[in-house]
Amino acid sequence: MQNRIAEHPILGTPQKGRLVSFSFDGKNMEGYEGEPIAAALKAGGIMIHRYTAKQHKPRGIFCAIGRCTDCVMIVDGKPNIRTCVTPLKEGMEVRTQYGCSAKKDDTL
Amino acid sequence: MKRYNLIVVGAGPAGLCAGIEAAKRGMSVIVFDENEKPGGQLFKQIHKFFGSKEHKAKIRGFKIGEQLLKEAAATGVEVRLNATVTGLYPDKEIMVKHGDGMYHYKGDSIIIATGAAENMVPFENWTLPGVIGAGAAQTLMNLHGIKPGNRILMLGSGNVGLVVSFQLLQAGCEVAALVDAAPRIGGYGVHAAKVARTGVPFYLSHTIIKAEGTDHVTGVIIGEVDDHFKPIPGTEKQFDVDTICIAVGLSPMSQLLKMSGCTMEDNPRRGGEVPVVDEYGETSIPQLFAAGDVSGIEEASSAMIKGKMAGIRAAYELGFCKETETENSLEKCTADLDSLRQGMFAPGNKGKLIEKTEEGIPVSMNLLTKGFVADGEIIHFPGVTSQKGIHPVIECTQNIPCNPCQDACVKHCIKIGSHITSLPVVENPAPCTGCGLCVASCSGQAIFLVNENYEPGFASITMPYEFLPLPEKGDKGKGLGRDGKTVCDAEIIDVKSLPAFDHTNLVTMKVPAEFVMKARFFKAV
């Protein structure tokens, strides 16, 4: 949670939902219900959301408003989910996306 | 198929204002927005707006957003969120994706207010995680309470780059440098000055050569550019940063308009491909309007007025508004818009080097190239006077459309006059009581209260302060100059935080008298 702003000089204490747990590549993580999945990952220090299909280059948050699709991941088995505009729910399974797949090998 | 008198696409400042004006006049109005929350970019804008009362000056962007949403609800505007308009077809018909379904709507008139998207510049490794848009930084920190990074380099010195740099500091991030390939700072000098005095260095005529890192950003190399914007070998400078923030302008998101078949033009002055519109925003297709950034990049204040004009005109064309009322309302909007488009940053002055203010004072070249006015330059401005006792010192040195300081002073110490871009003048002697309302009212944080005779050998300086932790009375530290460098010892003697100041705290420090016109920021040690 090292990237969360505890107190802001203009906005005060950030208003957040309930603290829930979710998984990232099988590891347990926590975030606030309703915030974008990408926000919860960023708060937990995760930078890489996916690897590109051809050159296997890492990608992460870029526009944070759902336009660029750089932050897409596999969420509850569905690929290409824009994590910057998809609200976090308890128990979500979030996986790094390799090309269009959850498996690293498929892209090699 | 559902039918409305007016369909608005985009619930940002332009779209909401358009919807409100139309609904007020009796039209049935629906506003679609693809986002989960309405307000466009307003809820990320935590600074006080410029302009005059009519432009909602000195109100923070997100507060304006809250006001607009209330007004929209009160006037009966339906706002449909998570709803992406995917097509605009003949006879004002649209398709909307909502959840997993597609829905068909028809309007008697349509206003497109889809805003703009950020531009990008490619450089080596620009796709690395950690390279983000300035908008992404604003979204993360101001909407979601997440620091975009710990140490950040900003590319772009327009108002977005300057304002977001300041917001990064407010969020507790470190800004390593502010870089722009242009030879001069593009945004308001006051925005640059409030960043520079905290110690952020500016590198004009510099660009990013490469981002460093293998799977995320660990550093950045910048270099100086020549007159053709080509990097000069041997001028490279390296910074350890975890985030690179890009603020290099916006492009209108005009795809729906293009699809409609209305006449488009490629107009660099308006930011790219835009519809050809009349003075009310009406395109070549009758009753199809464009308002806000989609019809030409400006900012939220003018977007609100352009939205209003399109809404009023749409109401008139469909018989919801009488001719005289329409004329009067539109005339008022035109006057408000004109006053925003005055001064050194008027659309017609884009890219021009202006060497003198309207008053004939030489413009600070230090401000344009380094982000701060030099000690020797500041004394030429009419808001900067030396007087006995407490008085305001207004370091407002460019003609911009803004006048809240004039209204803030109940003693009428500060005069701008009827011309909104005139530099504020401080009366000499000023009947100042030291209330501090002018300091808090200045959207550019350019007003200081100075008492040159605080006690023998010492002066007091009251400055606007919007950071945490807030200094406390008795704190000892250093006074920083306009350039962010240490100039003297300083001690905090007063901290005021009143509701009327709206989160702009007034921090007063005591400094040796000879630094009264030099120290402009406090750093605890």
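Biologist: How many residues lie between β4(B) and β5(B) in their hairpin, and which residue in the turn has a positive phi?

Modeller: The hairpin of β4(B) and β5(B) has three residues between its strands, and B:Asp91 in the turn has a positive phi of about 60 degrees. Strands here are DSSP runs of E with at least two residues, helices are runs of H or I with at least four, and both are numbered from the N terminus. This is a predicted model, in which local features need pLDDT of at least 70 and side-chain atom pairs count only at pLDDT 80 or more, while totals for chains, interfaces and linings use all residues. Residues are numbered from 1 along each chain as its sequence is written, and chains are lettered from A and ligands numbered from 1 in the order in which they are written.

Biologist: What is the mean pLDDT of chain B?

Modeller: pLDDT is the predictor's confidence in each residue, from 0 to 100. Its mean over chain B is 97, and 100% of the residues of that chain reach 70 or more. The model as a whole scores ipTM 0.96 and pTM 0.97.

Biologist: Which residue in the turn between β5(B) and β6(B) has a positive phi?

Modeller: That residue is B:Gly99, with a phi of about 60 degrees; the hairpin of β5(B) and β6(B) has two residues between its strands. Strand β6 covers residues 101-112 of chain B and pairs with β5(B) in the antiparallel sense over six bridges. One of the facing pairs is B:His98 with its bridge partner B:Gly101.

Biologist: In what order do β12, β13 and β14 of chain B stand in their open sheet?

Modeller: The order is β12-β13-β14, with antiparallel pairing. The edge strands of chain B are β12 (206-212) and β14 (237-239), each pairing on one side only. From one strand to the next the twist averages 25 degrees. β13 (residues 219-224) is joined to β14(B) by three bridges, and B:Ile221 stands opposite B:Gln238.

Biologist: Now helices. At roughly what angle do the axes of α7 and α8 of chain B cross?

Modeller: An axis is a line fitted to C-alpha atoms, for helices over the stretch in contact, and angles run from 0 to 180 degrees between N-to-C directions. The axes of α7 (residues 300-317) and α8 (residues 323-340) of chain B come within 10 Å and cross at roughly 165 degrees. That makes α7(B) roughly antiparallel to α8(B); the classes are roughly parallel under 35 degrees, roughly antiparallel over 145, roughly perpendicular from 65 to 115, and oblique for the rest. The crossing is left-handed, a term for a near helix turned anticlockwise from the far one by less than a right angle, clockwise being right-handed.

Biologist: Which residues of α7(B) meet α8(B)?

Modeller: Residues are in contact if their C-beta atoms, placed from the backbone, lie within 7 Å. Those in α7(B) include B:Ile305, B:Met309 and B:Ile312, and those they meet in α8(B) include B:Leu330, B:Cys333 and B:Leu337. The contact has eight nonpolar, four polar and three charged residues. Ala, Val, Leu, Ile, Met, Phe, Trp, Tyr, Cys and Pro count as nonpolar, Asp, Glu, Lys and Arg as charged, and the others, Gly among them, as polar.

Biologist: How many residues of chain B are in contact with chain A?

Modeller: 29 residues of chain B are in contact with 27 residues of chain A. In chain B, β7 (116-118), β8 (131-133) and α3 (134-143) are the elements that give two or more residues to the side touching chain A. α3(B) gives the most, with six residues. This side of chain B divides into 12 nonpolar, 12 polar and five charged residues.

Technical notes
Pairing = 2+ DSSP bridges. Contact = placed C-beta atoms within 7 Å.
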